[in-house]
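Good morning, everyone, and thank you for coming. Please take a moment to look at the model on the screen, and then I will walk you through some of its parts.

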Amino acid sequence: QVEFVESGGGLVQPGGSLRLSCAASGSIFVIYNMGWERQAPGKRRELVATIANDGSTNYLDSVKGRFTISENDVNNTVYLQMNNLQPEDTAVYYCYANIQLKGWGRSNDYWGQGAQVTVSS
C-alpha cells in the first residue's frame, strides 16, 4: 500500500553533515505529516523532527539549531539536513508519514526501513 525509499545515511566525523531523504509512494490520497524518528542501541525510539502539510515543524530539543526538516509535496519526499553531528546522534533513523490511502476514511502511520547514521572519529 505504501512504500518508502530512504537514502543518505552513512559514517561521518563529529562536526560533519549528512542529508537523509525519504520518498513515499503508493495508493496515497493525502499525507498529513511526515517526520523522522531515531533509535540508538539500547535506547528507546525518539521523535526527531516532524513537518505538517501546512509547513509547520517541530524538533527534538537536542537537535534544534542543527537539524532541519523539509519536504517536497510534489513527490511526497521528506528530508532531514543534519549539521554539526555528534556521537550521540548515532542511531538508525526512520522516516514516517501519516497517510490517508485512497478509498480509506482515516489515516494511519507508516514507517520506512531505516537508515544507519554513525558519527565517529
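Strands here are DSSP runs of E with at least two residues, numbered from the N terminus, and two strands pair if DSSP finds at least two bridges between them. Within this pairing, Phe4 has Ala24 in β3 as its bridge partner.

Before I go on, a word of care: this is a predicted model, in which local features need pLDDT of at least 70 and side-chain atom pairs count only at pLDDT 80 or more, while totals for chains, interfaces and linings use all residues. Residues are numbered from 1 along each chain as its sequence is written, and side-chain values use heavy atoms, with hydrogens and water left out.

Strand β11, residues 115–119, takes part in other pairings. Three bridges join strand β2 (residues 10–12) to β11, and these two run parallel, with Val119 in β11 as the bridge partner of Val12. β9 and β11, by contrast, pair in the antiparallel sense over three bridges, and here Tyr93 has Ala115 in β11 as its bridge partner.

What links Cys22 and Cys95? They form a disulfide, with their sulfur atoms 2.0 Å apart, where the rule asks for a pair of cysteine sulfur atoms within 2.5 Å. Cys22 is in strand β3 and Cys95 in strand β9, so to speak of sequence, they are 73 residues apart. Both cysteines, Cys22 and Cys95, are buried, and buried means under 20% relative accessible area, exposed means over 50%, and partly exposed lies in between, with a 1.4 Å probe and protein chains only.

Next, the aromatic rings. The structure holds one aromatic pair, for which rings of Phe, Tyr and Trp (its six-membered ring) must have centres within 6.5 Å, and planes under 30 degrees apart count as stacked, over 60 as edge-to-face and the rest as tilted. The rings of Tyr96 and Trp111 have centres 6.5 Å apart and planes at 35 degrees, which is why the pair is called tilted. Tyr96 counts as buried, at 9% relative accessibility, whereas Trp111 is partly exposed, at 40%.

Let me close with charges. There are five salt bridges in the structure, each being a side-chain nitrogen of Lys or Arg within 4 Å of a carboxyl oxygen of Asp or Glu. Asp89 takes part in a salt bridge with Arg38, the closest N and O atoms being 3.0 Å apart. Because Arg38 lies in strand β4 (residues 28–39) and Asp89 in the loop between β8 (77–82) and β9, this pair ties together parts that are 51 residues apart in sequence. Asp89 also forms a salt bridge with Arg66, where the closest N and O atoms are 2.7 Å apart. Asp89 is buried, with a relative accessible area of 1%, and Arg38 counts as buried too, at 4%. Together, Arg38, Glu46, Arg66 and Asp89 are linked in a network of salt bridges.

Definitions and conventions: Helix = DSSP H or I, 4+ residues; strand = E, 2+ residues; numbered from the N terminus.
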